[in-house]
Amino acid sequence: MSDKTISMHACDYDVAIIGLGPTGATLANLLAIEGLRVLVLERDKDIFALPRAVHFDGECMRVFQSIGLADTLLPKLFVGPGMKFVNAAGQLLIDWSRPTCIGPHGWCASYKFHQPDLENALRDRLAGQANIDVRLRHEVFALDETSDGVQLRFEDTSCGKLGRATARYVVGCDGARSIARRFMGTELTDLKSHERWVVVDVLLDTPRPDLGDFSIQYCDPARPTTYTRGPGNRRRWEIMVMPGDDATQLASPEWLWDKLARWISPADARLERSAIYTFHSVVANGWRRGRLLLAGDAAHQTPPFMGQGMAAGIRDASNLAWKLATVIRGTSPDTLLDTYESERSPHVREFIETAVRLGSVIQTTHPEAATSRDIEMSAAIRHFVTPQPKLGPGAYLDASSSAVVGQVAPQPRLADGRLMDDVVGYRFALVALPELLAGCDDIAERAERAGVQIVCDADAVNTWLASTGAAAVLIRPDRYVYGIAHDTASLYSLLEHAFPALQTATA
């Protein structure tokens with residue numbers, strides 16, 4: 001059935017989200033901004049009170065800024081200076097230093113955080129929003145597509161009561177063992193990295209500046225280990241499980257303190273949590289089937305060596321929310337949702353494949369192979385630079401028209417002191433030279449009809465536009481560049497390509 005025959009209120013909700021982790025909570029907040037009716041079903045009663053993810057980047061911070069959480073999060077964050085890979089002798093193999101100053105996104109490149117703090121902030125933001133219905137301890141057990149939506153069946157596990165609801169679209173943000181993915185029949189593409197590690201979170205009782213602020217990958221074939229600083233007195237070690245390890249002892253305090261003795265002892269720290277993880281590298285082959293979609297760990301999983309696991313889910317949410325909104329409002333065809341996977345899958349795959357390559361450096365456990373690696377890599381220190389991949393093909397102009405098309409846009413601070421995203425909100429922005437706009441009498445009216453915020457700020461805008469060689473740039477709500485214009489004619493063409501209704505109205 002065509003979307004044109006579907007009433008906006010034929011279903012109980014516009015979107016149902018399965019899972020209220022960081023990805024699901026971010027998506028719900030963005031859909032709240034869009035004014036959609038959203039149901040969130042989460043099987044657990046409470047936020048998991050211990051850390052899991054520990055890092056996000058400046059692009060993620062822009063998403064949290066759009067939600068209105070930047071000021072809430074900042075006091076609890078630590079700006080990370082980067083990561084170093086060293087061999088067993090302490091020689092530097094890879095230097096991945098990150099600037100600690102404000103960068104192109106308007107934020108720092110790397111933030112360390114405590115996941116419960118983030119999840120509480122995201123949930124607090126949802127609380128009290130009339131269009132968001134959050135139900136905890138509700139476990140989904142069936143998804144049935146109908147002519148105009150999806151029927152969800154679920155159990156309230158607090159009392160055993162069964163329920164059902166309908167939504168126009170369902171997004172599975174329900175983790176690595178996603179039930180939504182199973183109903184979709186989506187398989188995972190294996191990128192061939194699956195190693196077991198023990199993750200240990202520690203709270204320092206006394207200051208230990210000697211541990212340092214850099215994350216360190218200890219590429220010691222006898223026992224690969226990772227050290228990461230978190231905010232405040234939080235520290236994390238990740239310890240690779242070796243073939244001779246006694247699996248029954250891996251979580252015991254005696255085993256953990258023995259492996260941590262090189263750095264700390266019970267005299268100056270206490271164990272907060274330990275868990276055994278298998279670091280997977282997989283990408284779902286099919287993020288959409290009809291009205292069912294996947295996001296976050298349900299769609300992809302990465303080893304932690306780039307700190308991009310949660311960040312990838314936040315990018316998914318930002319990419320998907322505005323597309324769902326325009327489709328549900330009827331201003332874009334349902335096929336726009338096909339661009340979600342085509343854009344995001346190649347993008348996240350580049351990060352996962354890079355993490356796998358970095359992981360192969362630290363996870364080398366054969367002594368001779370490690371010696372060869374050290375000889376090769378110590379001859380010239382690798383200065384690693386964070387990838388900045390373009391989106392895959394999707395909802396933007398042909399990327400060959402400019403190097404910036406399909407790339408995330410920077411966020412300058414404007415003349416009035418505000419960051420650009422605070423002026424724009426979660427919507428399209430047209431960043432243009434004043435002289436170009438001066439020759440377009442009706443551009444403000446066209447932009448208003450299309451829901452586009454015009455940004456025309458001489459210094460900040462001119463500097464960036466000069467670097468692109470364009471007179472105007474159209475930026476999507478997820479902050480990726482839709483297209484550029486060089487003159488009046490190409491500006492009108494750009495807007496009509498992005499918003500076909502403008503062309504219809506003036507035809």
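## Briefing: core, sheet and aromatic pairs

Leucine 491 touches Leu430, Leu436, Leu437, Cys440, Ile443, Ala472 and Ala485, leaving aside residues up to four places away in sequence. Touching, or contact, means heavy atoms within 4.5 Å. This is a predicted model: local features need pLDDT of at least 70, side-chain atom pairs count only at pLDDT 80 or more, and totals for chains, interfaces and linings use all residues. Residues are numbered from 1 along each chain as its sequence is written, and side-chain values use heavy atoms, with hydrogens and water left out.

**Nonpolar core**

- The largest nonpolar core has 127 residues. Phe64, Leu474 and Leu491 have the most contacts inside it.
- Helix H7 (residues 309-329) gives the largest share of this core, 12 residues.
- The core draws at least three residues from each of domain 1 (13-75 + 114-189 + 283-351) and domain 2 (407-503). Those bounds come from an automatic or database domain assignment.
- A nonpolar core is a set of buried Ala, Val, Leu, Ile, Met, Phe, Trp, Tyr and Cys residues joined through side-chain atoms within 4.5 Å.
- Buried means under 20% relative accessible area, exposed over 50%, and partly exposed in between (1.4 Å probe, protein chains only).
- In soluble globular proteins, nonpolar side chains tend to be buried together.

**The sheet**

- An open sheet of 8 strands runs in the order S17-S13-S16-S15-S14-S5-S6-S22, with mixed pairing.
- Strand S17 (269-279) and strand S22 (382-383) stand at the edges with a single partner strand each, so one side of each has no neighbour in the sheet.
- Helices (H or I, at least four residues) and strands (E, at least two) are DSSP runs, numbered from the N terminus. Two strands pair if DSSP finds at least two bridges between them.
- S5 and S6 pair in the antiparallel sense over 5 bridges. Glycine 82 has serine 97 in S6 as its bridge partner.
- The hairpin of S5 and S6 has 4 residues between the strands, and glycine 90 takes a positive phi near 85° there.
- S5 runs parallel to S14, joined by 5 bridges. Phenylalanine 85 is partnered by glutamine 217 in S14.
- S5 is mostly covered, with 5 of its 6 residues buried.
- S6 (residues 92-97) pairs with S22 in the parallel sense over 2 bridges. Aspartate 95 stands opposite histidine 383 in S22.
- Helix H9 (residues 367-378) packs on the sheet and touches S5, S6, S14 and S22.

**Aromatic pairs**

- The structure holds 14 aromatic pairs. Rings of Phe, Tyr and Trp (its six-membered ring) pair if their centres lie within 6.5 Å; planes under 30 degrees apart count as stacked, over 60 as edge-to-face and the rest as tilted.
- Phenylalanine 428 and tyrosine 482 have ring centres 6.3 Å apart and planes at 70°, so the pair is edge-to-face. It links strand S23 (residues 428-432) to strand S26, across 54 residues.
- Phenylalanine 428 and phenylalanine 499 have ring centres 5.0 Å apart and planes at 75°, so this pair is edge-to-face.
- Phenylalanine 499 lies in the loop between helix H14 (488-498) and helix H15 (500-506), so its pair with phenylalanine 428 ties together parts 71 residues apart in sequence.
- Phenylalanine 428 counts as buried at 8% relative accessibility, and phenylalanine 499 at 12%.

**Positive phi in two arginines**

- Arginine 137 has phi near 55° and is partly exposed at 31% relative accessible area.
- Arginine 479 has phi near 80° and is buried at 6%.

Notes
Axes are lines fitted to C-alpha atoms, for helices over the stretch in contact, and angles run from 0 to 180 degrees between N-to-C directions.
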